Amino acid sequence: MIEAPGGAIYFAGDTGFGDGSTFREVAWAHPQLRLALLPVGAYAPRWFMKDQHMNPAEAVEAFRLCGARQAVGHHWGTFV
């Protein structure tokens, strides 16, 4: 979490979605979250990658659960 004058910024790092509880906890602890930096990495095949990387749908759900006003997807090599 980065506390900035314009509001808190959450950097999720490199993580899978899991059961979503991490993102619910972020919303509870930081109700005025300005920005969520969420990873969308190498997510296929799901049986192998789901614990390490979110797919696009999971990243959208993480955004919804954490309650941020805005989100930015990130991951090395995901975007040119």
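This is a predicted model: local features need pLDDT of at least 70, side-chain atom pairs count only at pLDDT 80 or more; totals for chains, interfaces and linings use all residues.
Which backbone nitrogen does the side chain of Asn55 reach at 2.8 Å? The nitrogen belongs to Glu58.

Residues are numbered from 1 along each chain as its sequence is written, and side-chain values use heavy atoms, leaving out hydrogens and water.

**Asn55 and its neighbours**

You will find Asn55 in the loop between α2 (46-49) and α3 (56-66). Helices here are DSSP runs of H or I with at least four residues, strands are runs of E with at least two, and both are numbered from the N terminus. The side chain of Asn55 also reaches the backbone nitrogen of Ala57, at 3.2 Å. Such a polar contact is a pair of N or O atoms within 3.5 Å; within protein, one atom must be able to donate a hydrogen and the other to accept it, and residues adjacent in sequence count only if both atoms are side-chain atoms. Leaving aside residues up to four places away in sequence, Asn55 touches Val40, Tyr43 and Arg46, where contact means heavy atoms within 4.5 Å.

**Buried or exposed?**

Relative accessible area (1.4 Å probe, protein chains only) sorts residues into buried, under 20%, exposed, over 50%, and partly exposed in between.

| Residue | Relative accessible area | Class |
|---|---|---|
| Asn55 | 16% | buried |
| Gly20 | 0% | buried |
| Pro5 | 94% | exposed |

Gly20 sits in the loop between β1 (9-11) and α1. From Gly20 to Glu61 the C-alpha distance is 8.2 Å, although 41 residues separate them in sequence. Pro5 belongs to the segment before β1, and its C-alpha atom is 15 Å from that of Pro31, 26 residues apart along the chain.

**Two helices side by side**

Two packed helices are described by the angle between their axes and the distance between those axes. For α1 (residues 21-29) and α3, the axes come within 7 Å and cross at roughly 30°. So α1 is roughly parallel to α3, a label for angles under 35 degrees. The axes are lines fitted to C-alpha atoms over the stretch in contact, with angles from 0 to 180 degrees between N-to-C directions.

Which residues of α1 meet α3? They are Phe23, Arg24, Val26 and Ala27, and they meet Ala62, Leu65 and Cys66 in α3. By class, this contact has six nonpolar, no polar and one charged residues; Ala, Val, Leu, Ile, Met, Phe, Trp, Tyr, Cys and Pro count as nonpolar, Asp, Glu, Lys and Arg as charged, and the others, Gly among them, as polar.

Definitions and conventions
Angles under 35 degrees count as roughly parallel, over 145 as roughly antiparallel, 65 to 115 as roughly perpendicular and the rest as oblique.
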